[in-house]
Amino acid sequence: MLNELLLTFAQWLDTHQWSTDIHESIYMYSWIEATHVLTLMIFLGMLCVIDLRMLGAIFPNVPASKIAERLDKPMIIGFVVMLITGFLLFYAIPVRSTQSIWFRIKVVLLILAGINAFMFRAKMQASSGTWDLDPIPPKRIRIGAIASLVLWAGVVITGRTIAYDWFDCHKQLPEFMYWAAGCVNELAALEP
Amino acid sequence: MDLYPFFDWLDTSMLADISKAYGGVFAVVQMFHLLGMSMLGGMVLVGDLRLLNVLLKDVPSEQVIENTQKWFTVALIVVMTSGIFMSSAVAMKLYYNQMFWAKMTSLALGVTFVYAIRRPLLKFNHDTIDPWTIKLLAVTSISIWFTVAASGRWIGFS
Amino acid sequence: MSKQVILERVAIAFSIAVICAGIWFWGEQIRYVLETLALAEDY
């Protein structure tokens, strides 16, 4: 049901002239994609410094909350750029992205990373000041930092693999994969 | 200096056997390349934006530079190791690719700049260095590493 | 001349050279892009 709904939405986006324009442009698509990838250095770079501090691996003599506060703004700027360019990339190739198992995992990981970030922020605020200068922060903070690094690395990895056609709908795949990737027509063809 | 023999060797090396035969292995290595790039970018930006007085203004810049340098080296090793593996898959194509050479040139300039100029100079007390020289260092550093990353992405498009 | 002064001068010379080269390089790329787009217009 959800699969059909998503596909209908993607097909509707696909009818937009702008979607086709970006897709068929000589340079526009590549530039959006390059901006998306290069902004990783801002967004993930800042996140990396913050999380390494939460693991006690960098800036041991600067309060952890200070690092988190000061690097927050550039990180958010990077995130917004990635979000906008990421949406445009999806908008340019909506149907294939919707039916990509990698894109689907990526969205799930993004949501998990978002939840983790909110929980992390709450934990930080609840305990602010009590461990700010500890060379190695408390365990719950370190676990949050590891989770953040792993989840975002997962987002990058699945983002990269969208480009591979290993599990595209037109391939011969197990029924479960057709379902997970949302290959509506291929699933229907399997029906007896 | 012609590096053709090196690329010719790389193209038929064991590395190339692996990277050409298994698309999955190539993809995994490329992910490390991207993650290393993110870390490298983070360290460069935090260090240079501090030198430009944009970020972490109340932390001594000596401290920011010292802390980011260590992880910069880690990131550089990750990026270069994964990069060599990736290039083995398309060694001959890269040899004739102009963007690849632009990237290698800027990488060589970047490594020279970091380890022979930026790092030794910033070991001195930053108050004794002309503030404009420091800002120039930061702009150069950001420009070089941006070029390395951007021309790298362009290899894939060309 | 102290080591610091030498390094500072090398840094300035290197930086100016690299930034000029960078402007030239990216300028060339932009020129190439504009030319391609102009060609595409003709079709």
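Good morning. Asn61(A) is exposed, because 10 other C-beta atoms lie within 10 Å; a residue counts as exposed at 12 or fewer such atoms, as buried at 20 or more, and as partly exposed in between, with C-beta atoms placed from the backbone. This is a predicted model, in which local features need pLDDT of at least 70 and side-chain atom pairs count only at pLDDT 80 or more, while totals for chains, interfaces and linings use all residues. Residues are numbered from 1 along each chain as its sequence is written, and chains are lettered from A in the order in which they are written.

Asn61(A) sits in the loop between α4 (40-54) and α5 (64-92) of chain A. Helices here are DSSP runs of H or I, at least four residues, numbered from the N terminus. From Asn61(A) to Ala189(A) the C-alpha atoms are 62 Å apart, and the two residues are 128 apart in sequence.

I turn to chain B. Its contact with chain A takes 22 residues from chain B and 25 residues from chain A, where contact means C-beta atoms, placed from the backbone, within 7 Å. On the side of chain B that touches chain A, α3 (23-51), α4 (61-89) and α7 (131-157) of chain B each give two or more residues. The most come from α3(B), with 12 residues.

The contact between chains B and C takes 16 residues from chain B and 12 residues from chain C. Here α6 (98-122) and α7 of chain B each give two or more residues, and α7(B) has the largest share, 7 residues.

Terms used:
Two residues are in contact if their C-beta atoms, placed from the backbone, lie within 7 Å.
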